[in-house]
Amino acid sequence: MAEDSRDNKLKFSLKELTLEATSSQSASKDANDVGVPGSSATLQLPDCKFVCVEYPAVVSNVDRMLESVGGEKGVSKTYADSSRRLELRFRPQDPFCHSLCGNRFPSTNLLLRVRRRVRKGNPEDVQIEMGILGVIGTTYKFQGMADFQYLAVHSEDGKHLSLYDKIILRKPESKQYFEQPVPFYIPPPIFSRLDNPVDYFYRPDIHHNQVPMSKDNFIGLNRARRPHNALFISYDEPTVPSECAEAARANWDRVCQKPCDKEAEEAIGKMFESRPIWSRNAVKANLDIHPEKLKLLLPVVAYYMVTGPWRSLWVRLGYDPRKNPEAKKYQVLDFRIRCSTKHGYSVSDMPVKAKRSTLNYSLSITFNKAAPQPASVMELPPDGTSEKSVPIKYQLKESSYIFREGMLPPHRQMFYQLCDIEVESVRKVIQRNDGEEEVCDERDGWCLPHTADNLRDIVSTMIKKVIREQRPAW
């Protein structure tokens with residue numbers, strides 16, 4: 001029987017292997033080679049590609065098996081992203097079911113279709129036919145263990161009560177549904193980030209044994225207090241320091257070797273004389289100095305406020321903002337860009353990108369392969385001397401600490417000082433109680449209660465306006 005060359009089939013019997021080829025192929029071959037044991041032949045494989053899933057269970061129901069891996073749509077979506085692992089949920093209807101993850105491997109296997117034929121009336125006459133359907137180029141293997149499972153069950157007095165009907169919204173419900181008392185059920189999204197055991201070789205920590213164990217410098221294992229000698233002051237401490245630590249001055253004198261370092265010390269001294277409280281970004285935007293040197297210079301002229309309305313700010317030595325109402329304009333405003341559809345954008349199309357992307361975190365359903373770093377080549381001048389280098393600038397942009405109308409913050413979270421928000425409506429809110437400040441509060445400082453909330457609303461409205469102007473379709 002003549003067949004297309006693309007549909008050649010291998011036929012196996014219980015005793016021998018034969019290959020059926022087209023008449024043209026048969027004519028081109030030596031007749032003596034056909035049917036000779038040990039002879040070989042070239043077979044053209046079909047172009048069909050397959051994906052193999054090594055299912056870690058005995059399959060008795062194909063539909064339920066497909067549902068556990070997300071169906072054909074879920075498998076196709078996972079296959080389209082090479083960085084994702086295939087998720088298998090043994091309880092697909094349970095949203096709290098933690099999945100078993102399968103790793104993706106390249107493969108060069110063949111998918112065979114086997115047919116067993118028995119002649120009627122003669123059960124001993126059996127013929128087995130095998131056909132190659134395609135090549136399996138990708139295989140998913142479940143080599144690890146599933147994460148710990150935690151059922152939505154409340155146990156009380158030896159009785160177990162299912163919470164699925166109370167915490168899972170299956171249809172539109174009335175107000176009474178949301179007001180009914182329900183036991184707390186807040187499981188973590190993941191218990192373990194690893195699904196394979198890891199060998200941990202316990203060994204003594206040599207560096208840790210060499211660090212003297214004292215209460216002054218002991219924070220945690222292998223961690224001594226950084227030698228910047230900054231003075232940290234909480235809001236509830238009665239006094240503030242008027243002089244820097246001796247070690248801070250010694251460290252700076254040891255590093256201050258160049259004329260530019262002397263100039264930086266004089267410049268930062270003048271900055272704190274004209275304005276007693278600065279944020280780190282504000283200092284870096286007004287002073288061009290290496291960040292490591294700035295860490296040693298700041299403790300010489302200022303102390304660091306840990307809590308209160310001036311938290312995370314550097315305050316001039318000897319200056320107590322809790323006793324000076326004019327320090328109201330130097331208070332900090334912790335502002336975060338609001339993200340919701342009512343503000344004109346969602347998380348995916350946030351106009352300001354996050355400092356740290358969530359894609360950098362390795363989840364249990366993803367795996368990252370280390371990409372090779374490209375080699376860099378630097379051309380040197382013929383005479384062997386390097387070209388004149390461009391001076392490095394460490395100074396930040398003005399937008400790193402100042403906000404004006406029509407601007408977008410460079411980051412989703414910003415710590416603005418009130419004096420650096422150059423908006424007239426904001427200044428009016430801050431100046432509502434000018435000359436009437438009596439008591440400094442740990443939350444609102446010298447401002448009226450809920451002033452920070454009002455300022456956040458004003459800034460958020462301005463940002464929303466800017467975004468709508470940039471995207472008129474919204």
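A residue counts as buried under 20% relative accessible area, as exposed over 50%, and as partly exposed in between. R115 has a relative accessible area of 37%, so R115 is partly exposed. The model in which this value was computed is a predicted one.

R115 is found in strand 5. Leaving aside neighbours within four places in sequence, the residues in contact with R115 are Q127, I128 and E129. M130 is 15 residues from R115 in sequence, and the C-alpha atoms of the two are 6.3 Å apart in space. The strand pairing gives the setting for these residues. Strand 5 (residues 100-119) and strand 6 (residues 122-141) run antiparallel and are joined by 15 bridges. One of the pairs across them is R116 with I128, the latter in strand 6. The hairpin of strand 5 and strand 6 has 2 residues between the strands, and G121 takes a positive phi near 85° there. Strand 5 is also joined to strand 4 (residues 86-88), by 3 bridges and again in the antiparallel sense. Here E87 has C101 of strand 5 as its bridge partner. In general, strands of a sheet pair through backbone hydrogen bonds, either parallel or antiparallel.

As a whole, the protein has 12 helices and 18 strands. Of its 474 residues, 29% count as buried. Among contacts with a separation of 6 or more, 62% are between residues 24 or more positions apart.

Another part of the structure is an open sheet of 4 strands in the order 11-13-14-12, with mixed pairing. Strand 11 (232-233) and strand 12 (277-278) are at the edges with a single partner strand each, so one side of each has no neighbour in the sheet. Strand 11 pairs with strand 13 in the parallel sense, over 2 bridges. In this pairing F232 is opposite Y304 of strand 13. Helix 8 packs on the sheet and touches strand 12, strand 13 and strand 14; the direction of helix 8 makes about 80° with that of strand 14.

The loop between strand 13 and strand 14 holds S312. S312 has a positive phi of about 65° although it is not a glycine. Most residues other than glycine have a negative phi. The relative accessibility of S312 is 26%, so S312 counts as partly exposed. D157 is another non-glycine residue with a positive phi, of about 55°. D157 lies in the loop between strand 7 (153-156) and strand 8 (159-162). With a relative accessible area of 73%, D157 is exposed.

Helix 10 (residues 291-301) brings several of these elements together. L294, L296, L297, L298, P299, V300 and V301 are buried in helix 10. The buried residues of helix 10 pack against helix 7 (246-255), helix 8 (259-274) and helix 9 (280-286), and also against strand 13 (302-305) and strand 14 (314-316).

Two packed helices are described by the angle between their axes and the distance between the axes. For helix 7 and helix 10 the angle is about 135°, and the axes are 9 Å apart. The crossing of helix 7 and helix 10 is left-handed. On the helix 7 side the contact is made by A248, R249, N251, W252 and V255, and on the helix 10 side by K293, L296, L297, P299 and V300. The residues in this contact of helix 7 with helix 10 divide into 7 nonpolar, 1 polar and 2 charged.

Strand 15 (residues 332-336) is mostly covered, with 4 of its 5 residues buried. Strand 15 and strand 17 (residues 413-417) run antiparallel, and 5 bridges join them. Across this pair R336 stands opposite Q413 of strand 17.

Key: Residues numbered from 1 in each chain as written. Predicted model: local features only at pLDDT ≥ 70, side-chain atom pairs only at ≥ 80, totals over all residues. Heavy atoms only, no water. Buried < 20%, exposed > 50% of the residue type's maximum accessible area, 1.4 Å probe, protein only. Contact = heavy atoms within 4.5 Å. Axes fitted to C-alpha atoms, helices over the stretch in contact; angles between N-to-C directions. Left-handed = near helix turned anticlockwise from the far one by under 90°. Nonpolar A, V, L, I, M, F, W, Y, C, P; charged D, E, K, R; others polar. Pairing = 2+ DSSP bridges.
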